[in-house]
Amino acid sequence: MRTVLRLLGSRYGIALVLVVVVVAVVGFGRTVFRDRESRSGSDAFGPTVAPVETTPDPYNSLGDDSVVEPSAAPSLSKGAADAGSVATRFANAWLRKPGQSGEQWRAGLKPDASTDLMAELAETDPSDVPASNITGPAVLENLGADTRARFPADGGTIVLGLQVINGRWQVTSLDWEAA
């Protein structure tokens, strides 16, 4: 017994123990992956559940309520600016400008922003705005009564949500997607 313990305590014994552990791990891994390879690509790993058979829906011909049809174009007041113009004015006013006070910054945003958005921006410090330049053209996504405008800027993308309120387009949401 002493000779076995002395042998295991030597560097040759430790090497032998490590070889046995590596062989055991490799053998176990091959067994697991061989089982996985023998299955088809669509089989789940682990227990499978038989599919549930369903009967056809008798009301299927009535239409799908989850499909959202785009709404009609919103009604604008005569002479009201289009969504792209409003979004561009707002985005340019939102940009960081050195030396601009918070009141000056909010006054530049107010003509094109909803009252809810202005309330959210009431405590915002304009020096915290992450962009100082728009670097490319706006991309407008018409969502019916809602529109989204995306402006590439230095360091990310300005994303504005617009809605028609009181007959004119107003920016109702503002988001920044860092690059």
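**View 1. Asp-112 sits in the loop between α4 and α5.** This is a predicted model, so to speak a computed picture throughout: local features need pLDDT of at least 70, side-chain atom pairs count only at pLDDT 80 or more, and totals for chains, interfaces and linings use all residues. Numbering runs from 1 along each chain as its sequence is written, and side-chain values use heavy atoms, with hydrogens and water left out. Helices (H or I, at least four residues) and strands (E, at least two) are DSSP runs, numbered from the N terminus. Asp-112 counts as buried because its relative accessibility is 5%; buried means under 20% relative accessible area, exposed over 50%, and partly exposed in between (1.4 Å probe, protein chains only). Leaving out residues up to four places away in sequence, Asp-112 touches Val-86, Arg-89, Phe-90, Gln-170 and Val-171, where touching means a contact, with heavy atoms within 4.5 Å.

**View 2. Arg-89 reaches Asp-112 in a salt bridge.** The closest N and O atoms of this pair are 2.8 Å apart. A salt bridge here is a side-chain nitrogen of Lys or Arg within 4 Å of a carboxyl oxygen of Asp or Glu, and by that rule the count is 3. Arg-89 belongs to helix α3 and Asp-112 to the loop between α4 and α5, so this bridge links distant parts of the chain, 23 residues apart. How do the two partners compare in exposure, buried or partly exposed? Arg-89 is partly exposed, with 43% relative accessible area, while Asp-112 is buried at 5%.

**View 3. Arg-150 and Glu-177 join two strands through a salt bridge.** Their closest N and O atoms lie 2.7 Å apart. Arg-150 is in strand β2 (residues 146–153) and Glu-177 in strand β4, so the pair ties together parts that are 27 residues apart in sequence. Arg-150 is partly exposed, with 24% relative accessibility, and Glu-177 is partly exposed as well, with 32%.

**View 4. Arg-148 and Glu-141 meet side chain to side chain.** They make a salt bridge with an N to O distance of 3.0 Å. Arg-148 is partly exposed, with a relative accessible area of 34%. Glu-141 also counts as partly exposed, at 26% relative accessibility.

**View 5. Trp-94 and Trp-176 form a tilted aromatic pair.** By the rule used here, the count of aromatic pairs comes to 1. The two rings are 6.0 Å centre to centre, with 40 degrees between the planes. As for the rule, rings of Phe, Tyr and Trp (its six-membered ring) pair if their centres lie within 6.5 Å; planes under 30 degrees apart count as stacked, over 60 as edge-to-face, and the rest as tilted. Trp-94 comes from helix α3 and Trp-176 from strand β4 (residues 168–178), 82 residues apart, and the pair links these distant parts of the chain. Trp-94 is buried, with a relative accessible area of 6%, whereas Trp-176 is partly exposed at 23%.

**View 6. Helix α4 (residues 102–109) has its buried residues on the same side.** Which residues of α4 are buried? They are Gly-102, Trp-105, Arg-106 and Leu-109. These cover an arc of only 95 degrees around the axis, which puts them on the same side of α4. The arc is taken from the directions from the helix axis to the C-beta atoms. An α-helix has 3.6 residues a turn, so residues three or four places apart point the same way. The buried residues of α4 pack against α3 (83–94) and α5 (115–120).

**View 7. Leu-76 is found in the loop between α2 and α3.** Leu-76 is partly exposed, with 36% relative accessible area. Setting aside neighbours within four places in sequence, Leu-76 is in contact with Ala-81, Val-164, Gly-167, Arg-168 and Trp-169. Of this list, take Trp-169: Leu-76 and Trp-169 are 93 residues apart in sequence, yet 7.8 Å apart in space, C-alpha to C-alpha.

**View 8. The whole chain, for orientation, has 5 helices and 4 strands.** Along the sequence the pattern reads α-α-α-α-α-β-β-β-β. Buried residues make up 22% of the 179 residues. Among contacts with a separation of 6 or more, 44% come from residues 24 or more positions apart.
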